[in-house]
Amino acid sequence: MSSFHLQIVTPDGSFFDGEANSVVVRTTGGYVSIYPHHTDYIAALDIGRVVVTKDGEPRHAACGGGFLSVEKGEVRLVATTFEYADEILSLIHISEPTRP
C-alpha cells in the first residue's frame with residue numbers, strides 16, 4: 001500500500017510524524033481526502049473530524065481548525081487543537097463518577 005509522510009502539529013506539540021496511507025480533513029470548503037502523489041495543495045481547516053489511515057487502519061480525531069499543506073509529497077496539518085477520538089473517550093470514562 002502506498003504512503004506519504006504526514007506531520008500533525010499543534011501549539012501543544014506533535015501528534016503524528018510518520019508514514020500514512022491517507023488523511024481526510026474538513027476544510028472551510030468541505031471534506032478533502034489526501035492520498036499519495038496528491039498535487040501540491042493548501043487549505044484552511046474548519047472544526048471537524050480527521051481520519052488518519054496508517055497501515056490500512058483508520059484512526060479518528062477531532063480538529064479545531066488550522067491549515068493543511070501538501071508540498072512535494074509531504075503533508076503537514078497544523079491545527080489549533082487536535083485530539084484522537086480514543087483519547088477523548090478515555091478521558092470521558094476517567095471523569096465519570098463511579099455509580100453503585
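Here are some numbered notes on the strands, charged pairs and rings of this model.

1. **Ground rules.** This is a predicted model, in which local features need pLDDT of at least 70 and side-chain atom pairs count only at pLDDT 80 or more, while totals for chains, interfaces and linings use all residues. Residues are numbered from 1 along each chain as its sequence is written, and side-chain values use heavy atoms, with hydrogens and water left out.

2. **Strand 6 and its partners.** Start with strand 6 (residues 57-71), which runs antiparallel to strand 5 (residues 41-54), with 13 bridges joining them. Helices (H or I, at least four residues) and strands (E, at least two) are DSSP runs here, numbered from the N terminus, and two strands pair if DSSP finds at least two bridges between them. Ile-42 has Ser-69 in strand 6 as its bridge partner. Strand 7 (residues 74-79) is also antiparallel to strand 6, through 6 bridges, and here Glu-71 stands opposite Glu-74. Then there is strand 8 (residues 82-84), again antiparallel to strand 6, with 3 bridges; Ala-61 faces Tyr-84 there.

3. **Two hairpins.** Have a look at the turns. The hairpin of strand 5 and strand 6 has 2 residues between the strands, and Asp-55 takes a positive phi near 50°. Strand 6 and strand 7 make a hairpin too, with 2 residues between them, and Lys-72 in that turn has a positive phi of about 55°.

4. His-5 sits in strand 1 (residues 4-10). Its side chain makes a polar contact of 2.7 Å with the side chain of Asp-17, and another, at 3.1 Å, with the side chain of Glu-74. (A polar contact is a pair of N or O atoms within 3.5 Å; within protein, one must be able to donate a hydrogen and the other to accept it, and residues adjacent in sequence count only if both atoms are side-chain atoms.) Leaving aside residues up to four places away in sequence, His-5 touches Asp-17, Gly-18, Glu-19, Gly-73, Glu-74 and Val-75, where contact means heavy atoms within 4.5 Å.

5. **Glu-74 again.** Besides meeting His-5, the Glu-74 side chain forms a salt bridge with Arg-76 at 3.9 Å, N to O. The rule is a side-chain nitrogen of Lys or Arg within 4 Å of a carboxyl oxygen of Asp or Glu, and it gives a count of 4 salt bridges. Glu-74 is partly exposed, with a relative accessible area of 30%, and Arg-76 is partly exposed as well, at 32%. (Buried means under 20% relative accessible area, exposed over 50%, partly exposed in between, with a 1.4 Å probe and protein chains only.)

6. **Asp-46 and Arg-26.** This salt bridge has its closest N and O atoms 4.0 Å apart. The pair links distant parts of the chain, with Asp-46 in strand 5 and Arg-26 in strand 3 (residues 22-27), 20 residues apart. Asp-46 is partly exposed at 29% relative accessibility, and Arg-26 is partly exposed at 34%.

7. The side chains of Arg-59 and Glu-87 form a salt bridge at 3.3 Å, N to O. Arg-59 is in strand 6 and Glu-87 in helix 1 (residues 85-95), so the pair ties together parts that are 28 residues apart in sequence. Arg-59 is partly exposed at 32% relative accessibility, and Glu-87 is partly exposed at 33%. Salt bridges with shared partners join Arg-59, Asp-86 and Glu-87 into one network. Arg-59 also lies over the face of Tyr-84, at 3.6 Å from the ring centre. The test for a charge over a ring is NZ of Lys or CZ of Arg within 6 Å of the ring centre and within 35 degrees of the ring normal. Arg-49 passes too, with its charged end over the ring of Tyr-31, 5.6 Å from the centre.

8. The whole structure has 3 aromatic pairs, counted when ring centres of Phe, Tyr and Trp (its six-membered ring) lie within 6.5 Å; planes under 30 degrees apart count as stacked, over 60 as edge-to-face and the rest as tilted. Thr-10 touches residues including Phe-15 and Phe-82. Thr-10 belongs to strand 1 and is buried, with a relative accessible area of 11%. Its side chain reaches the backbone nitrogen of Asp-12 at 3.0 Å.
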